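Biologist: Please take me through the terms used for this model. For each one I would like the value, the cut-off and the conclusion.

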Amino acid sequence: MAAATTLALLVTLAALHGAAVVLAGDPPFSCGPSSAEASEGLAFCDVTLAPAQRAADLVSRLTLAEKIAQLGDQAAGVPRLGVPGYKWWNEALHGLATSGKGLHFDAVGGVRAATSFPQVLLTAAAFDDDLWFRIGQAIGREARALFNVGQAEGLTIWSPNVNIFRDPRWGRGQETPGEDPAVASRYALAFVRGIQGNSSSSLLQTSACCKHATAYDLEDWNGVARYSFVARVTAQDLEDTFNPPFRSCVVEGKASCIMCAYTAINGVPACANTDLLTGTVRGDWGLDGYIASDCDAVAIMRDAQRYAPTPEDAVAVSLKAGLDIDCGSYIQQHATAAIQQGKLTEQDIDKALTNLFAVRMRLGHFDGDPRINMYGALGAADICTPEHRNLALEAAQDGIVLLKNDGSILPLDRSTVTSAAVIGPNANDGMALIANYFGPPCESTTPLKGLQSYVNNVRFVAGCNSAACDVAATDQAVALASSEDYVFLFMGLSQQQESEGKDRTSLLLPGMQHSLITAVADASKRPVILVLLSGGPVDITFAQSNPKIGAILWAGYPGQAGGLAIAKVLFGDHNPSGRLPVTWYPEEFTKVPMTDMRMRADPTSGYPGRSYRFYQGKTVYKFGYGLSYSIFSRRLVYGTSMPALSSTVLTGLRETMTEDGDRSYHVDDIGTDGCEQLKFPAMVEVQNHGPMDGKHSALMFLRWPNTKGGSPASQLIGFRSQHLKAGETANLRFDISPCEHFSRVRADGRKVIDIGSHFIMVDNHEMEIRFEA
């Protein structure tokens, strides 16, 4: 027993230090050179054929029972054809996760950990698509490596989540790139390209799946559950808010999967919506891949939504609408009866299976041993590498947002900090770092541990029993705060307040956190430093205005290196550059029902609208807000050379009258070639006036001269990140596409470009661009 315990401990320590290199296991595959299926010359083993052609051949050889057994996330093998079983459900939202069924981390003798990057919302705060690409790339490499060593039964990754963070109470908003469709679209593109691998090869490193299409952003609020919620969404909001990230996934990122949501959109469940799945996703956007349901979404069409009267009807309506696979076993259980009742045909199943097996062909599952393909050299040594660990630290550092810094209390000089009090439930909780959809991290540096690497004399009390803080040790925390040189408070939220299946009802800090923070601040010798770990925004108006709270950081859920990243920011080894990817609303916003899906404000009823694009109300912090230790200036540097868009491209186009009487061009009328010819560059000069080197993200917006027709007050059209030394100046190029960036969406869902003025904005600098008749 003692020897076994010692061995387990050594394996744990090895994993935490990146030394997990042993595994006895082989990846599953078909069509090896000595296999019967290859020796018989079966077409599905012929690598010279197109994936869809190979898939169709395999499907044609299956019996009906064998076909139906493939239609759930756990697909049975077909031994007579050499086809191994397969698990479709695998998660890697911000690192390889155990939330699905196909990825395994062995207790002894295998790979025990994977790199845990920050939760997505914090990563989005970096406004850096190169960073997002590199994170996706690292996750894809680790997934393929885990597969190669036999600890993964699938390479279909059901990530990323690119839903719009529409309401600040949404429990899963933390998983998303934020509230802006342009940011979410850029994130989707970068992450998908990274995780799927070399775009010049037909072989996928992994298969990405963008979820959850579409207009899904409610878990369980005031008795309304996601399983039965009917979202009433306008064509305008679908086109300019909810759908763009999914379009980017498919059209630009070439994602090989889309997952449909639980949401019933205007009465029709997303996974039974022919217009969405077949018309839009596969038709208009050209999906080359498969469509998966969210887990049990087919079952709830009958059980919760009452959309289909029988299980057989639910199965038939979803497959005929364009669904290819069920997360669950409902289709596997009821498809035979659906066929017997004449509600479903074998051809419907063949179509779905061809899409599924074509993706597996592209993953190399039918090319023989995957350890001889272009990703075959990846193994245990490619997981938790120093490069990936450094990337996790970089991502956490770049995402952290400095919200307040009165009197430039930060950065701290470590030589002058003789002692520190660390207070808060999130200070020494490793789970507070890694959020949801997680796997075992390579290492874990809590904020307490991070500070201890900078300050010799650190004393810690949790102050609260948990982030819920329904029990507070206020007297103990106050006594500690009054006795130490500096005070650091690590407060915020946890997965108990916000998570899948759980929305918040309040935007305030939970329980007694407010009173604890205030009491500690009052007792401290100097202004305290407040660090918030949370996904969604919180109303901390009290802390903004309290002079005894000198600095505030938002650190999201920062991943395995989060504690070190926070310490590096606090002590000036990293200059903060994160900017909020969501609006922080006041508590009064909770009067707005989560079930109201409208994005645009309605002043006649007092409805304030949502997101910086449409919200007409007070904010705690605005979208894009973030401070630095340096002073950066930004200005547009093109003047008279900027074009007046009276291009010959527009000559002869039929002018149309929009619903509000303004003249405009339909983007569809301009056409793909015309839109390409209208593109032009814009340059932004960014200067770091010091005193520190640092990274900076420049955001460019478009402003319309009015908001007729429901156009946003402003719209982000581009962002660029650049590291600048103190005193350095750089010109950042923004590529402007008028058809994409200057268009607005009419009430009927059509995109138009208004004739007249459009204004590019960077901070307070504006430049007018005109479309002429």
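Biologist: What makes β14 and β15 a pair, and in which sense do they pair?

Modeller: Two strands pair if DSSP finds at least two bridges between them. Strand β14 (residues 420-423) and β15 have 4 bridges, so they meet that rule, and the sense is parallel. Within this pair Ala421 stands opposite Arg459 of β15. Strands (E, at least two residues) and helices (H or I, at least four) are DSSP runs numbered from the N terminus.

Biologist: How far can I rely on local detail, and how are residues counted?

Modeller: This is a predicted model, in which local features need pLDDT of at least 70 and side-chain atom pairs pLDDT 80 or more, while totals for chains, interfaces and linings use all residues. Residues are numbered from 1 along each chain as its sequence is written, and side-chain values use heavy atoms, without hydrogens or water.

Biologist: What makes β13 and β15 edge strands?

Modeller: Each of the two, β13 (401-405) and β15 (458-461), pairs on one side only. They end an open sheet of 6 strands with mixed pairing, in the order β13-β18-β17-β16-β14-β15. Neighbouring strands there are turned by 15 degrees against each other on average, direction ignored.

Biologist: How do you know that α21 packs on the sheet?

Modeller: Helix α21 (residues 562-570) touches β16 (486-492), β17 (528-533) and β18 (549-554), and contact means heavy atoms within 4.5 Å. The direction of α21 makes about 145 degrees with that of β17. Such angles run from 0 to 180 degrees between N-to-C directions, with axes fitted to C-alpha atoms, for helices over the stretch in contact.

Biologist: Which strands make up the antiparallel sheet, and which are its edge strands?

Modeller: That open sheet has 4 strands in the order β24-β23-β28-β29. Its edges are β24 (715-724) and β29 (765-771), each pairing on one side only, and the twist averages 20 degrees from one strand to the next.

Biologist: Why is Leu189 called buried?

Modeller: Buried means under 20% relative accessible area, exposed over 50%, and partly exposed in between (1.4 Å probe, protein chains only). Leu189 has 14% relative accessibility, so it counts as buried. Leu189 lies in α7 (residues 181-196). Beyond neighbours within four places in sequence, Leu189 is in contact with Ser248, Glu252 and Gly253. Leu189 and Glu252 are 63 residues apart in sequence, yet 6.3 Å apart C-alpha to C-alpha.

Biologist: What is the largest nonpolar core?

Modeller: A nonpolar core is a set of buried Ala, Val, Leu, Ile, Met, Phe, Trp, Tyr and Cys residues joined through side-chain atoms within 4.5 Å. The largest has 182 residues, and those with the most contacts inside it are Leu532, Ile540, Trp554 and Trp584. Helix α6 (residues 129-148) gives the most to this core, with 9 residues. A second, separate core of 37 residues includes Ala396, Ile400, Ile529 and Met692.

Biologist: Buried or exposed: how do Cys31 and Asp763 count?

Modeller: Cys31 has 8% relative accessibility and therefore counts as buried. Asp763, with a relative accessible area of 36%, is partly exposed.

Biologist: Which peptide bonds are cis?

Modeller: Among them is the bond from Ser159 to Pro160, with omega near 10 degrees; Pro160 is in the loop between β3 (156-157) and α7. The bond from Gly690 to Pro691 is also cis, with omega near 10 degrees, and Pro691 is in the loop between β22 (680-688) and β23.
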